[in-house]
Amino acid sequence: LGLWWAATSLDSWPDLGDASSQEVLKIAADFVPPGSDGTPCWGDRRQEIVFIGVKMEEAGIEALLDSCLLTDEEMVKYTEQAQGAHPDAVKVDAAGKPSAI
């Protein structure tokens with residue numbers, strides 16, 4: 001299995017990736033579609049982080065984490081290098097239906 005559903009072949013998905021399966025549709029709904037500005041679809045890949053605490057400096061934490069993000073130029077370069085390096089096994093169309101690539 002892949003680390004993400006996008007990298008996992010449909011035959012390894014629940015119900016063998018049957019697009020009429022509620023479980024498959026639930027997984028597909030988690031995919032982020034390509035942006036209208038042409039940004040690529042990263043499927044279900046994303047990072048999430050949660051901080052729990054009292055009297056935390058939210059603005060400072062956000063600023064520090066934001067400074068770690070790629071610039072637009074760096075993201076373009078990464079996207080160019082990443083495309084084709086490890087192609088996804090699955091894509092999800094605008095209607096939320098998965099299909100093998």
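What average pLDDT does the chain have, and what share of the residues score at least 70? The chain averages a pLDDT (the predictor's confidence in each residue, from 0 to 100) of 84, and 89% of the residues score at least 70. The structure is a predicted model, in which local features need a pLDDT of at least 70 and side-chain atom pairs count only at pLDDT 80 or more, whereas totals for chains, interfaces and linings use all residues. Residues are numbered from 1 along each chain as its sequence is written, and side-chain values use heavy atoms, with hydrogens and water left out.

The chain has three helices and two strands, where helices (H or I, at least four residues) and strands (E, at least two) are DSSP runs numbered from the N terminus. Along the sequence these elements follow the pattern α-α-α-β-β. Where pLDDT is low, the predicted coordinates should not be read in detail.

Of the 101 residues of the chain, 18% count as buried, a term that means under 20% relative accessible area, while exposed means over 50% and partly exposed lies in between (1.4 Å probe, protein chains only). The chain exposes about 7900 Å², of which carbon and sulfur atoms supply 57%; accessible areas come from the Shrake-Rupley method with a 1.4 Å probe, and for residues only the protein chains shown count as cover.

Leaving aside its neighbours within four places in sequence, alanine 28 is in contact (heavy atoms within 4.5 Å) with Val92, Gly96 and Pro98.

Aspartate 44 lies in the loop between H1 and H2 and counts as buried because its relative accessibility is 10%. Beyond its neighbours within four places in sequence, aspartate 44 contacts Trp4, Trp5, Ala6, Asp30 and Phe31. The C-alpha atoms of aspartate 44 and phenylalanine 31 are separated by 4.5 Å, although the two residues are 13 apart along the chain. A polar atom of the aspartate 44 side chain lies 2.8 Å from the backbone nitrogen of tryptophan 5, and one lies 3.1 Å from the backbone nitrogen of alanine 6.

The loop between helix H1 (22-28) and H2 also holds alanine 29, which counts as exposed because its relative accessibility is 63%. Alanine 29 and lysine 97 are 68 residues apart in sequence, and their C-alpha atoms are 8.6 Å apart in space. In helix H3 (residues 72-82), by contrast, threonine 79 is buried, with a relative accessible area of 12%. A polar atom of its side chain lies 2.8 Å from the backbone oxygen of methionine 75.

Most residues other than glycine have a negative phi. In the segment before H1, aspartate 15 has a positive phi of about 55° although it is not a glycine. Leucine 16, also in the segment before H1, has a positive phi near 55°, and leucine 16 counts as exposed because its relative accessibility is 64%.

Conventions. A polar contact is a pair of N or O atoms within 3.5 Å; within protein, one must be able to donate a hydrogen and the other to accept it, and residues adjacent in sequence count only if both atoms are side-chain atoms.
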